[in-house]
Amino acid sequence: MISVVIPLYNKAHTITNTLQTVLKQTFEKYEVVIVNDGSKDDSVNVIKKFRLDKRIRIIEQENQGVSSARNTGVKYAKYKYIAFLDGDDEWFPEYLQKMSEAIGTFPKSEFFCSAGMSRNSKGYGKPRQIDKYQGKIVNFEFFENPHVFLHVSAVVVSKELCYKVGGFPLGMKRNEDFAFLYKAALMSKPVYSGF
């Protein structure tokens, strides 16, 4: 079981696509915790149509920043593993299944990374991965190529590791996800799941 934590702030234009990529996952044992961080646009009204899905919970808080929103999501998460997804990112349908396979292969690990792809108006870019790990699930050295693995929407961590790390740092305007991921990598033995 995996808790998907989505921080939400003024993403009315993207959150529907983001949520639809979660709901189309081939892996079905998950919940979604959306933390509305005081959005000032129509984000809340956009996501209300998803309230009928019992897997989705919406937590409201005053605007405190993305770190606080993610930390709140972790606090309210029911399950042992947390998958982070930003409100303007998307997953391929097999993403959670691949991460579940990685958890099953390395059940004592607390930090799982995945290959990813960027996308813009022209389509998908080159995969963000390490070629020697393509198609593999392996323990790896995070700091070998940290820029490849530094994407918060492509990691799953245990709830326990989130607390050990101290959560996402409050007050940072940028790179709060990098700070969290670096600390997590230093405090665990990361696992990589390649395409």
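In this predicted model, the disulfide count comes out at zero. Cys113 is in no disulfide, and its nearest cysteine sulfur, in Cys162, sits 13 Å off. Seen from the other end, the sulfur of Cys162 has Cys113 as its closest cysteine partner, and at 13 Å that is too far for a bond, given that a disulfide needs the two sulfur atoms within 2.5 Å. Both cysteines are tucked away from solvent: Cys113 counts as buried at 1% relative accessibility, and Cys162 is likewise buried, at 2%.

The backbone has a couple of spots worth a look. Most residues other than glycine have a negative phi. Asn10, though not a glycine, goes positive, with a phi of about 50°. Asn10 falls in the loop between strand S1 and helix H1 (15–23) and is partly exposed, with a relative accessible area of 25%. Asn175 also has a positive phi, near 60°. This asparagine belongs to the loop between helix H6 (159–165) and helix H7, and at 42% relative accessibility it counts as partly exposed.

Then there is the second largest pocket, which holds about 490 Å³ of space. Its lining takes in 27 residues, and those nearest the centre are Lys11, Val66, Arg70, Asp86 and Glu176. Strand S1 (2–8), helix H3 (66–76) and helix H7 (176–186) each put at least two residues into that lining.

Notes: Residues numbered from 1 in each chain as written. Predicted model: local features only at pLDDT ≥ 70, side-chain atom pairs only at ≥ 80, totals over all residues. Heavy atoms only, no water. 1 Å grid on protein atoms, 1.4 Å probe; cavity = no way out; pocket = protein on both sides within 12 Å on 5 of 7 lines; lining within 4 Å. Points joined across faces, edges and corners; volume = space filled by probe spheres on them. Helix = DSSP H or I, 4+ residues; strand = E, 2+ residues; numbered from the N terminus. Buried < 20%, exposed > 50% of the residue type's maximum accessible area, 1.4 Å probe, protein only.
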